[in-house]
Amino acid sequence: MAEIKDPENTIIIELKDGPVVIELLPDVAPKHAERMKQLARDGAYDNVAFHRVIDGFMAQTGDVENANMEKDYNPRRAGTGGSQYPDLPAEFSKLPHDRGTLGAARSQNPNSANSQFFINFGDNHFLNGQYTVYGRVISGMENVDKILRGEPPANPDRMISVRVAADEPK
C-alpha cells in the first residue's frame, strides 16, 4: 500500500481484488471530501454496487440509497439516489480528470452531487470544469481496473468496505 501522509484525508476502499487507497483533496473540494469521510464513517458505502462501469471511461458507485447489495438493492434504481444528507454545491477546479482521479457524479444540475462518485480509468479531460475532482487513487488502481463492466453489470462488483485511514487500527 502507498505511504499515507494524511490519514484523516485518506480513504481505503476494500474491493474483491484488494484495497484502493484514495487521497482526498480537501484544499480543492472541502465539502466533497468531508461528505465522503462522513459517509465512510457512517458505514453507508459498505456493500454499495458499482452500478455503471464503462471500459476506458470510469467506474461509478456510491448510490447509498438504492445500490446497497445487502439491503434493498434495486438494479433498476441504482444510480438514481443519494444519501440522507443534502446535495453539495459544485467545487470545480483546474484539476484535470486524469486516470485514477475521483469525480463527483451528479445530475444535469451542477449543484446536485451527493454521495455518488466515479473513478476515471483513463484521462477524461472532456469532463474538466464540469465535474468536481476531489481525490485521487494513490495505490490499488490495478484493483479498480478489474471491476466488472456494464451499465449495470449483470453481477456487479461492490465496495466491500470504505474507511477513513485515521480510523483504522494501528
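**Figure 1. The largest cavity of the predicted model.** In this predicted model, the largest cavity holds about 50 Å³ of space. Its lining consists of His-32, Arg-35, Met-36, Tyr-45, Leu-88, Ala-104, Ala-113, Asn-114, Ser-115, Gln-116 and Tyr-134. Helix H1 gives the most to this lining, with 3 residues. By class, the lining residues of the largest cavity comprise 6 nonpolar, 4 polar and 1 charged.

**Figure 2. The second largest cavity.** The search of the whole structure finds 2 cavities of 30 Å³ or more. The second largest cavity has a volume of about 30 Å³. Leu-15, Lys-16, Asp-17, Phe-50, Asn-143, Ile-147, Asp-157 and Arg-158 form its lining. Of these lining residues, 3 are nonpolar, 1 is polar and 4 are charged.

**Figure 3. The largest pocket.** The space in the largest pocket amounts to about 160 Å³. The pocket is lined by 13 residues, and those nearest its centre are Gly-81, Arg-106, Ser-107, Ser-112 and Gln-116. The lining of the largest pocket divides into 10 polar, 2 charged and 1 nonpolar residues. Gln-116, one of the residues nearest the pocket centre, is also among the residues that line the largest cavity.

**Figure 4. The aromatic pair of Tyr-45 and Phe-117.** The structure holds 3 aromatic pairs. Tyr-45 lies in the loop between helix H1 (30-42) and strand E3 (48-49), and Phe-117 lies in strand E7 (residues 117-120), so the pair ties together parts that are 72 residues apart in sequence. Both Tyr-45 and Phe-117 are buried. Tyr-45 also belongs to the lining of the largest cavity.

**Figure 5. The aromatic pair of Phe-118 and Tyr-131.** The ring centres of Phe-118 and Tyr-131 are 6.0 Å apart and the ring planes stand at 80°, so this pair is edge-to-face. Phe-118 belongs to strand E7 and Tyr-131 to the loop between E7 and strand E8 (133-139), so that the pair links distant parts of the chain, 13 residues apart. Phe-118 counts as buried, at 5% relative accessibility, whereas Tyr-131 is partly exposed, with a relative accessible area of 22%.

**Figure 6. Arginine side chains over aromatic rings.** The charged end of Arg-106 sits over the ring of Tyr-131, 4.3 Å from the ring centre. Arg-106 is also one of the residues nearest the centre of the largest pocket.

Conventions:
Residues numbered from 1 in each chain as written. Predicted model: local features only at pLDDT ≥ 70, side-chain atom pairs only at ≥ 80, totals over all residues. Heavy atoms only, no water. 1 Å grid on protein atoms, 1.4 Å probe; cavity = no way out; pocket = protein on both sides within 12 Å on 5 of 7 lines; lining within 4 Å. Points joined across faces, edges and corners; volume = space filled by probe spheres on them. Nonpolar A, V, L, I, M, F, W, Y, C, P; charged D, E, K, R; others polar. Phe/Tyr/Trp six-rings, centres within 6.5 Å; stacked < 30°, edge-to-face > 60°. Helix = DSSP H or I, 4+ residues; strand = E, 2+ residues; numbered from the N terminus. Buried < 20%, exposed > 50% of the residue type's maximum accessible area, 1.4 Å probe, protein only. Lys NZ or Arg CZ within 6 Å of the ring centre and 35° of its normal.
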